Amino acid sequence: CKLVRFTSGTVRAGKAPKVLVVAPRSGHHATLLRDTVRTLIAEHEVWITDWVDARMVPMAAGPFHLADYVDYVCEFVRFLSPGVNVISVCQPTVPVLCAIALMAEAGEPHQPRTMVMMGGPIDARKSPTAVNNLAMTRPYSWFERNVIQRVPVKYPGYTRRVYPGFLQHMGFVAMNPDRHLNAHWDYFNHLVAGDDDSADRHREFYDEYNAVIDLPAEYYLDTVKAVFQDFALPKGRMFIRDRLVRPTAIRDTALLTIEGELDDISGNGQTEAAHLLCLNIDKSRREHFLAPKVGHYGIFSGRRWREMIYPKVRDFIKTHA
């Protein structure tokens with residue numbers, strides 16, 4: 001993982017709130033959060049996790065587990081402290097909550113001022129979606145046998161076991177085939193009508209959506225089992241390197257959870273469940289927002305993100321940081 005910093009000409013370094021955006025490692029590049037970063041840098045100093053495609057990592061670098069993800073979050077929070085605010089989008093809500101809980105329990109002096117969790121599976125038992133149902137109806141061994149492959153010879157990660165990005169992409173498309181078909185039909189009509197702006201927006205989105213990366217097999221299988229099958233975190237059974245994760249240890253970090261009403265990847269209530277786990281954060285420093293008429297990608301990209309959700313995030317950070 002590389003840590004990338006973005007600033008705006010209108011924001012002086014050290015004068016604006018510092019934000020660490022933890023991008024999902026779920027099959028797409030961090031560029032999927034381009035609109036997230038573009039909006040944030042107007043008033044914040046932004047750092048984002050830029051995950052490396054597993055097929056590009058030589059075998060000599062060793063395996064990558066869910067615990068390694070948590071280690072990275074802890075390392076980056078320490079590096080950017082004091083005064084950092086953490087935003088996790090989708091999948092990383094779980095390892096981010098684990099990291100901050102472990103840091104809090106260890107009594108580390110520099111913990112995040114705020115944590116914003118957006119559309120993530122903190123408790124995947126709530127409002128299960130097609131993603132959740134697949135994990136619950138197949139044994140762990142099925143995933144290991146059917147979706148894990150070896151990196152081919154032409155890449156630096158030759159022979160590394162991975163969950164290929166193209167399988168993740170096929171799965172997401174298969175969840176909503178009609179929506180993607182209609183989007184491409186609209187794209188064709190925009191081209192015929194000469195509506196270049198609408199056609200360009202479609203092209204930009206699918207350029208990002210179709211650009212996928214491979215995931216390390218160990219990390220993918222750890223996530224399937226711990227998050228989507230064992231529900232280890234909400235059950236109080238999540239261990240990171242033999243350390244039990246206790247979200248109740250978090251006291252000094254304010255919590256904002258955000259969900260989309262129409263989210264078909266992380267169902268309603270899955271992210272909000274963080275409040276039930278972080279009971280020792282004072283109620284005055286915890287908020288939840290359910291964004292109406294917003295799907296999964298609309299939480300962090302597009303007009304509703306910019307006009308409805310971002311102001312909530314900005315104001316929360318300003319209030320508590």
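Modeller: In this predicted model, Val21 stands opposite Ile87 in strand 4. A second pair on this side is formed by Leu20, whose bridge partner in strand 4 is Val86. Strand 2, residues 18-22, and strand 4 run parallel and are joined by five bridges. Strand 4 also pairs with strand 5, residues 114-118, again over five bridges and in the parallel sense. Here Val89 stands opposite Met118 of strand 5. Between strand 4 and strand 5 the chain passes through helix 3, residues 93-105, and this β-α-β crossover is right-handed.

These pairings belong to an open sheet of seven strands with mixed pairing, in the order 1-3-2-4-5-11-12. Strand 1 (2-6) and strand 12 (286-291) stand at the edges with a single partner strand each, so one side of each is left without a neighbour in the sheet. On average, neighbouring strands of this sheet are turned by 20° against each other, direction ignored.

Helices pack on the sheet as well. Helix 2, residues 66-80, touches strand 4 together with strand 1, strand 2 and strand 3 (45-50), and its direction makes about 170° with that of strand 2. Helix 3 touches strand 2, strand 4 and strand 5; the direction of helix 3 makes about 160° with that of strand 5.

As for burial, both faces of strand 4 are covered: Val84, Val86 and Ser88 are buried on one side, and Asn85, Ile87 and Val89 on the other. Because six of the six residues of strand 4 (84-89) are buried, this strand is largely enclosed by the rest of the structure.

Methods: Residues numbered from 1 in each chain as written. Predicted model: local features only at pLDDT ≥ 70, side-chain atom pairs only at ≥ 80, totals over all residues. Heavy atoms only, no water. Buried < 20%, exposed > 50% of the residue type's maximum accessible area, 1.4 Å probe, protein only. Helix = DSSP H or I, 4+ residues; strand = E, 2+ residues; numbered from the N terminus. Pairing = 2+ DSSP bridges. Right-handed = clockwise from strand over helix to strand, strands pointing away. Axes fitted to C-alpha atoms, helices over the stretch in contact; angles between N-to-C directions. Contact = heavy atoms within 4.5 Å.
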